[in-house]
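Visitor: Hello! I would like a close look at one part of this protein, taken slowly please.

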2 protein chains.
Amino acid sequence: MTDELQDLIEEVVDATKTEQSRVISKIVAMQEPEEVALLLESLPLEQRLEAWENVPEEDRLGILLAMRGDPRESILDTMPLEEMDSLFQEIDAADLIELAESLPNRMVDRALKVMDAQQRKYFEGAQKYKDDLAGHWVTHDFLMLPINAKVRDALRLLRREIPEYVDTLFLVNRAGHFSEAVKISAIMGAPDHIPLVDLSEETFLTLNADDDAVDGAMKVQKSVFTALPVVDEHGKLLGRMDIGTACELVNEYYEHQLMASAGMNEDEDLFAPVLKSTQNRAIWLGINLLTAFLASWFIGLFEATLQQVVALAVLMPVVASMGGISGSQTLTLIIRGLAMGQVTSANLPALLKKELSVGGLNGIIWSIVIGIVASYWFESAMIGIVISLAILANIVAAALSGVVIPVVLDKLKLDPALSGAVILTTVTDIVGFVAFLGLGSLLLI
Amino acid sequence: MTDELQDLIEEVVDATKTEQSRVISKIVAMQEPEEVALLLESLPLEQRLEAWENVPEEDRLGILLAMRGDPRESILDTMPLEEMDSLFQEIDAADLIELAESLPNRMVDRALKVMDAQQRKYFEGAQKYKDDLAGHWVTHDFLMLPINAKVRDALRLLRREIPEYVDTLFLVNRAGHFSEAVKISAIMGAPDHIPLVDLSEETFLTLNADDDAVDGAMKVQKSVFTALPVVDEHGKLLGRMDIGTACELVNEYYEHQLMASAGMNEDEDLFAPVLKSTQNRAIWLGINLLTAFLASWFIGLFEATLQQVVALAVLMPVVASMGGISGSQTLTLIIRGLAMGQVTSANLPALLKKELSVGGLNGIIWSIVIGIVASYWFESAMIGIVISLAILANIVAAALSGVVIPVVLDKLKLDPALSGAVILTTVTDIVGFVAFLGLGSLLLI
């Protein structure tokens, strides 16, 4: 995607004002909705809205669906009500579920009013489950037959239509409960009169509607099938999660992990309006400011010491940095393990022991190195000893915190990817400064 | 996956020594290879190797394939040569490509020697392309017909076998060049004598073997097809990239982004041996130590000032933290944009302007807040003014660095996800300390 997209962006941005709309309409007519979506996201707000005007009506819904939340809203926010009305008049349930969060409630209600009964039922079914549950992301265009159907029934069905990402037929019992899955490839060569159950998969995973959506999506990705059935708490077949939806959910999960560590959300717009972006980031800066002031306050306890041994002030960043960096390594590893369900109370003691050993060893190595450098730099063996001990203490504390903090946050149902790093560096800053300046007060004065 | 996996881990770890192998063999016999792989990765080394002994021979290859690189090697490293021999004797090209990096060269050669000619050709074909190119990840089990084939030919082929993740048939010309794709669903209902070209997709994306593998994988995920054809530089059809491979590549890419920011690689083992883990992390700590000493050296230039105004030492972490945090927000956004190809020389000026505006505004807000707090804390309006100006300068410098550093690294073909944060915090530390202590020297003494 990369090179081609970059050429497109350049073409749009480099065009003169008069040429621009011609260039844009040429591009948007030629490209897939996903590519136009990426292109629109890459344009500054003014050019984005101008480009949007050139998108043919019939492509608009698909492009909106392919965009990230915030840039999508930048377009919806300026859209006249009549245009919204015509755009969402024939929207189906799946698309409305995807867009519902970006739309004013009033618009969702209007879209629902003109929606046909079946689609409305699907929409309402999805709303029964929160958007982090598999039930929210069910697709309804699947192939289903009664449990006693034969190969000839299946072939008749397959000749009519195969929806996208369908490679199996679902067999249900009279109550509508999911019972078996039969691969289309198994049906194709089989004699007409064979019961489908004879061809069904021996083991076939089903998802529960109240399973975690991302867990379910990962199961779909690993299943070697293009979709897995989703059932409600009674075993009734609601629909399926297809691999297209699964990829979107998993990618969004990873983008969340990446953006959360910097206090942003995965829908962040590259060209968010300055005021909105300032506001979002100000909150994160404010939280971090509190932790920085806390660290400063601890330093302030040692003002008298700092005045007498200014070398301590000079070396403070080294102590803080070594703790922060080694802690964030442990933290990153544990957060990934927690997300994959690989860190549990059962292997936690072993994990803690390993991380403390690694931290201890690295603590010893680097405390010696740093101690020697500091001794020569400030011509004082005692300063070397003080920083050595502080570094060792801080790296070990960092290993401990890197394991304990995310596990506790996870237990409290807080997101370790979002707040783990802030809390960790607060701990390592404070431990580092107190150990370093405290030892300095004891040994150097 | 999460809950179930956690139960399994607990069952294994909690079992007494004598019970353990019984529990393990029960679990590994019941579960999918992907789940056993996750379970093995979650066990401390000793228990992992014990569990491995209980895995039935016939499941071993599948489980190894599903594991991350480092934990997989922890098992391969202890495997007797004869066992390796029997394990890899009937390996196919795709699996050997996946495992090749974890295996000793000698073992790859032995596996190749007994491999059938066709599979060996596939293996060698993949090795022509580096593992970050689409050509390396081609699968060869696709359905192909000559361009003049009819529906009846297609149905005959479909009745024989449909490989996994196949939803289209590829039509090739006499030279073996990819020409058209026909959906299986379009073929199913069509009359026997219709030429397949009449049913083919109007537009169908093809990947080039020397396209970036992750870009290609993202195209597959977004294509609504379960695979896209991969052609060589002459247009010859080499095979396809299926959505299963695409998911693995995309997920690995995201794990790389997450782990790289902490200086680790995506194959990192939760229970890596202590020495190996210490060594890997020591390198990263060493690099960061150099940058910390650099920052310290800059602080050292202002020793005399610090001695006279110890409040400056107390407040240093606040200046550094505000720059580091706001810079990392910009950096995270730009790294994502670069990875998606959404940041180019064309929109860079607009992006820089936006980030500098956001930085400027947040700089003004927080420099006022921090200035007031510092004035009261140290009962000196001048200290408030000094820290205000330093914070403003540092946040603006952070916005600039957050845009420029990853763009330059990307131009130099270096990985911004790996080194961006290190360089950024070095810049913000130094700018912050120099601005703060420099202004302090000028205005407070």
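Visitor: In which sense do strand S1 and S2(B) pair, and over how many bridges? Please take me around that part of chain B.

Guide: Happy to! Keep in mind that this is a predicted model. Strand S1 of chain B, residues 144-146, pairs with S2(B) in the parallel sense, over three bridges. To find the pairing by eye, look for B:Pro146, which stands opposite B:Val172 in S2(B). Between these two strands the chain passes through helix H11 of chain B, residues 151-160.

Now rest your eye on S2(B) itself. The strand covers residues 168-172 of chain B, and five of its five residues are buried. As a general background, nonpolar side chains tend to be buried together in soluble globular proteins.

S2(B) also pairs with strand S3 of chain B, residues 178-183, this time in the antiparallel sense and over five bridges. Here B:Leu171 has B:Glu180 in S3(B) as its bridge partner. S2(B) and S3(B) form a hairpin, with five residues between them. In that turn sits B:Gly176, whose phi is positive, at about 80°. In general, the strands of a sheet pair through backbone hydrogen bonds, either parallel or antiparallel.

Let us step over to chain A for another sheet. It is an open sheet of three strands in the order S4-S5-S6, with mixed pairing. Strands S4 (207-208) and S6 (237-242) of chain A stand at the edges with a single partner strand each, so one side of each has no neighbour in the sheet. S4(A) runs parallel to strand S5 of chain A, residues 227-231, and two bridges join them. In this pairing A:Leu207 stands opposite A:Val230 in S5(A). Helix H14 of chain A, residues 243-260, lies across S5 and S6 of chain A, at about 65° to S6(A).

Finally, look at where the chains meet. In chain B, 100 residues are in contact with 101 residues of chain A. Helix H17 of chain B, residues 310-339, gives the most to chain B's side, with 17 residues. That side of chain B divides into 53 nonpolar, 29 polar and 18 charged residues.

Methods
Residues numbered from 1 in each chain as written. Chains lettered and ligands numbered in written order. Predicted model: local features only at pLDDT ≥ 70, side-chain atom pairs only at ≥ 80, totals over all residues. Buried ≥ 20, exposed ≤ 12 C-beta atoms within 10 Å, placed from the backbone. Helix = DSSP H or I, 4+ residues; strand = E, 2+ residues; numbered from the N terminus. Pairing = 2+ DSSP bridges. Right-handed = clockwise from strand over helix to strand, strands pointing away. Contact = placed C-beta atoms within 7 Å. Nonpolar A, V, L, I, M, F, W, Y, C, P; charged D, E, K, R; others polar. Axes fitted to C-alpha atoms, helices over the stretch in contact; angles between N-to-C directions.
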